[in-house]
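Here is a short note to read with the model open beside you. Take the points in order, and find each residue as it comes up.

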Amino acid sequence: MTSFENETILPPNGTGSSKKGMLRLALIGVPVVAVALGGSYLAYAKYDVFKSAKTIYLQSELTEMIRAKASLTELLDKYNKEVTPLLDKPTHSVVDLSDLTIDLTEQNKQTKGLLDVLKKSKLTADIQEDLAGQKQVYQFNWQVGSDPLLGVDMAMDAEKLAVRIPVLYSKYGYVNMKDLEQFRKEYSDSIPKKVLTYKDLANAVSIKQEELQNVLQPYALLYASNIEENQVQIKKDSLMQEENASIKSRELTVTFTENDMKRLVNSFADRLAADTALQDILYTRSSNVTKLMKDAGYETKEWSKDDFAKWWKQFTDDLKKSGDNGAFSEGATMTVYINGKHEILERKLVYHTKSNGNSNEVLVKAANWSDNEFKQRTLFSIQAKKGDNENNELKLVHSSNLSDAGGKGKVVFNLKETGGKQDGTGAALDLDYDVTQSASKDTGKYTFKVTGNGDAAGTVEGTVSAAVNKSEKQREADYDVRLSFKDMKAQNELKALGFKLHSKQELGVEVKLPEFTKENAIDLANLSERDQMQLYQEVMMGVQKFMDKNKDLLLSLGLPYGNSYGSPYGRTSGMQQPQQANPMSGLSLDELDPDTLAESLESMTPQEQEALLKALQQMEAQGKMKR
């Protein structure tokens with residue numbers, strides 16, 4: 001017998017060759033082990049050989065979160081580049097709307113006159129804003145042909161709010177912000193204390209990305225911990241099929257029984273109830289918006305922190321009770337299709353709701369993929385099946401080949417209802433676009449068609465052409481909009497509509513408010529009764545001058561024309577004017593004085609005031625009024 005314990009194996013050349021033999025074995029063995037370990041790692045990491053279905057599913061959800069975070073970061077970077085400068089720097093914008101054309105099926109003489117005026121009209125908004133410095137100047141003008149018709153000027157800063165309509169009254173009427181509350185009480189509480197801006201709202205609700213991520217991350221981990229191995233099944237050779245696409249993928253099915261849903265919902269409810277960080281974020285933003293609205297003069301109910309805490313507790317309690325009320329009795333099923341990179345191509349969620357004792361099935365789909373025709377395709381749809389016959393569906397598909405240089409794309413939107421009370425009701429949108437993009441210029445052409453049926457039957461077709469020239473501190477854009485209307489059930493008079501829009505925006509232009517002096521402005525909050533009466537008279541005289549100057553235009557627009565001091569019903573041939581109560585009744589002509597007149601004006605209607613002022617003017621001309 002040969003014993004390995006007693007036998008020494010030596011190479012022919014003795015001990016030196018023994019070391020070389022061992023080295024050769026090591027040189028062979030290490031690569032073999034490395035290949036084995038590397039292959040195992042590759043099989044685990046890339047091909048999921050040793051992973052459970054649950055692990056593969058959760059890895060796909062993690063990949064989706066990372067992609068979502070990258071997309072959000074990209075959007076925020078774009079926002080900070082394009083929008084933030086508009087909020088932090090003074091801007092000067094001019095927007096013109098012109099060439100308004102309206103085509104009607106029938107036109108009479110008056111309608112034709114109105115359409116001609118609109119065709120010649122040009123509406124301009126000249127806006128200067130320094131949101132950081134709380135300075136705003138607005139000028140709105142309506143021009144017909146080469147002649148200005150009507151304009152409104154507004155200016156405001158932290159101290160004053162001023163308005164002027166030059167064609168009616170040459171001076172600004174202003175209110176100091178410290179007097180605004182009293183002014184609102186005396187005249188109208190609908191006057192805002194402050195004009196809210198986008199920056200005000202953005203600052204009220206803004207949240208840092210890191211803060212949002214820190215708050216939401218625990219819920220992602222909580223969801224993952226609630227998924228059990230037996231809930232997830234995998235089908236390795238499957239197809240994701242949507243529209244005309246059929247993509248090889250792995251199909252993961254996550255099943256939620258009633259108990260699974262209760263466990264998940266209860267976990268979230270408990271976490272929400274104890275999540276003071278999330279509660280602080282929501283309460284703070286809600287309070288910011290409420291305070292903003294209140295400071296602007298809008299009546300808004302404020303929530304105390306205790307009120308919010310009670311509401312939050314009720315919300316989380318109701319969430320936990322929903323499982324006991326049978327909301328999850330039929331559970332839910334989620335199907336996820338993933339590619340080899342653990343990217344989710346499509347997600348389908350099926351669940352049931354109950355109403356009037358009936359079980360209604362809801363299918364929600366969200367998909368994102370690419371194919372030979374388009375690099376990017378996005379789908380979102382909701383289907384709700386009520387009972388056996390009624391079915392509602394909303395579907396949106398966006399397909400594009402966009403790149404940094406532009407590209408083509410299309411959007412298809414469908415909303416329809418079959419069965420039920422609104423059977424056959426629906427709407428559809430088909431939009432095609434072709435855009436180019438560069439550092440200095442963007443262009444685009446958008447062609448769309450909107451169709452409806454049922455009560456909203458009809459078709460609207462249109463094109464929008466856009467061209468934007470841009471630089472670091474300036475943007476200038478031109479838009480041309482053309483619409484046509486066919487077979488409209490709601491109205492069949494309008495055939496076509498078109499207009500042009502021009503805008504120019506400059507950054508860093510200093511905003512200068514007008515200087516308010518006694519010669520060009522009046523303090524509306526500190527007027528005596530005599531000043532109020534004089535202001536009213538001068539404004540009404542301005543109205544009359546405006547009407548006299550634009551008599552033909554007003555008539556062509558179908559607006560009544562008349563003497564503002566005479567009948568408020570206008571000079572209409574053959575029309576008997578209603579008899580007005582005598583505003584002078586109860587007043588002794590021998591005792592009239594300005595104070596008495598001012599007190600009387602407060603109890604009169606505007607029409608009675610006009611008639612009174614006319615009578616006073618006549619009396620003054622005849623020398624019968626006391627001075």
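1. **Asp 442 and its partners.** The side chains of Asp 442 and Lys 470 make a polar contact of 2.8 Å. A polar contact is a pair of N or O atoms within 3.5 Å; within protein, one must be able to donate a hydrogen and the other to accept it, and residues adjacent in sequence count only if both atoms are side-chain atoms. The Asp 442 side chain also reaches the backbone nitrogen of Ser 438, at 3.3 Å. Asp 442 lies in strand E16 (residues 441-453). Helices (H or I, at least four residues) and strands (E, at least two) are DSSP runs, numbered from the N terminus.

2. **What you are looking at.** This is a predicted model: local features need pLDDT of at least 70, side-chain atom pairs count only at pLDDT 80 or more, and totals for chains, interfaces and linings use all residues. Residues are numbered from 1 along each chain as its sequence is written, and side-chain values use heavy atoms, with hydrogens and water left out.

3. **Is Asp 442 buried or exposed?** Asp 442 counts as buried because its relative accessibility is 19%. Buried means under 20% relative accessible area, exposed over 50%, and partly exposed in between (1.4 Å probe, protein chains only). Setting aside residues up to four places away in sequence, Asp 442 touches Thr 436, Gln 437, Ala 466, Ala 467, Val 468 and Lys 470. Contact here means heavy atoms within 4.5 Å.

4. **The whole chain.** The protein chain has 14 helices and 20 strands. Of its 627 residues, 30% are buried. Take the contacts between residues at least 6 apart in sequence: 53% of them join residues at least 24 apart.

5. Asp 99 is in strand E1. Its side chain meets that of Arg 482 in a polar contact of 3.4 Å. Not counting residues up to four places away in sequence, Asp 99 touches Lys 119, Ser 121, Arg 482, Gly 498, Phe 499 and Lys 500.

6. **Helix H4.** This helix (residues 109-120) has twelve residues. From first C-alpha to last it reaches 17 Å, close to the 16 Å expected at 1.5 Å a residue. The expected span is 1.5 Å times one less than the number of residues. At the start of H4, a side-chain oxygen of Asn 108 comes to within 2.6 Å of the backbone nitrogen of Thr 111. Which residues of H4 are buried? They are Gly 113, Leu 115 and Val 117. These pack against strand E1 (91-104), strand E2 (121-130), strand E3 (135-144) and helix H12 (551-556).

7. **The nonpolar cores.** A nonpolar core is a set of buried Ala, Val, Leu, Ile, Met, Phe, Trp, Tyr and Cys residues joined through side-chain atoms within 4.5 Å. The largest has 18 residues, and Tyr 57 and Phe 256 touch the most other members. Helix H2 (53-82), strand E8 (245-256), helix H8 (258-274) and strand E9 (332-338) each give two or more residues to this core. E9 gives the most, with four residues. Another core, of nine residues, lies apart from it; Val 435, Val 481, Leu 483 and Phe 485 are among them.

8. **Thr 253.** This residue sits in strand E8. Thr 253 is partly exposed because its relative accessible area is 21%. The C-alpha atoms of Thr 253 and Arg 347 are separated by 9.9 Å, though the two are 94 residues apart along the chain.

9. **Aromatic rings.** The whole structure holds 13 aromatic pairs. Rings of Phe, Tyr and Trp (its six-membered ring) pair if their centres lie within 6.5 Å; planes under 30 degrees apart count as stacked, over 60 as edge-to-face and the rest as tilted. Tyr 283 and Phe 308 form a tilted pair, 5.5 Å centre to centre with 55 degrees between the planes. Tyr 283 is in helix H9 (residues 276-295) and Phe 308 in helix H10 (residues 305-324), 25 residues apart. Both residues are buried. Ring pairs link Tyr 283, Trp 303, Phe 308, Trp 311, Trp 312 and Phe 315 into a cluster.
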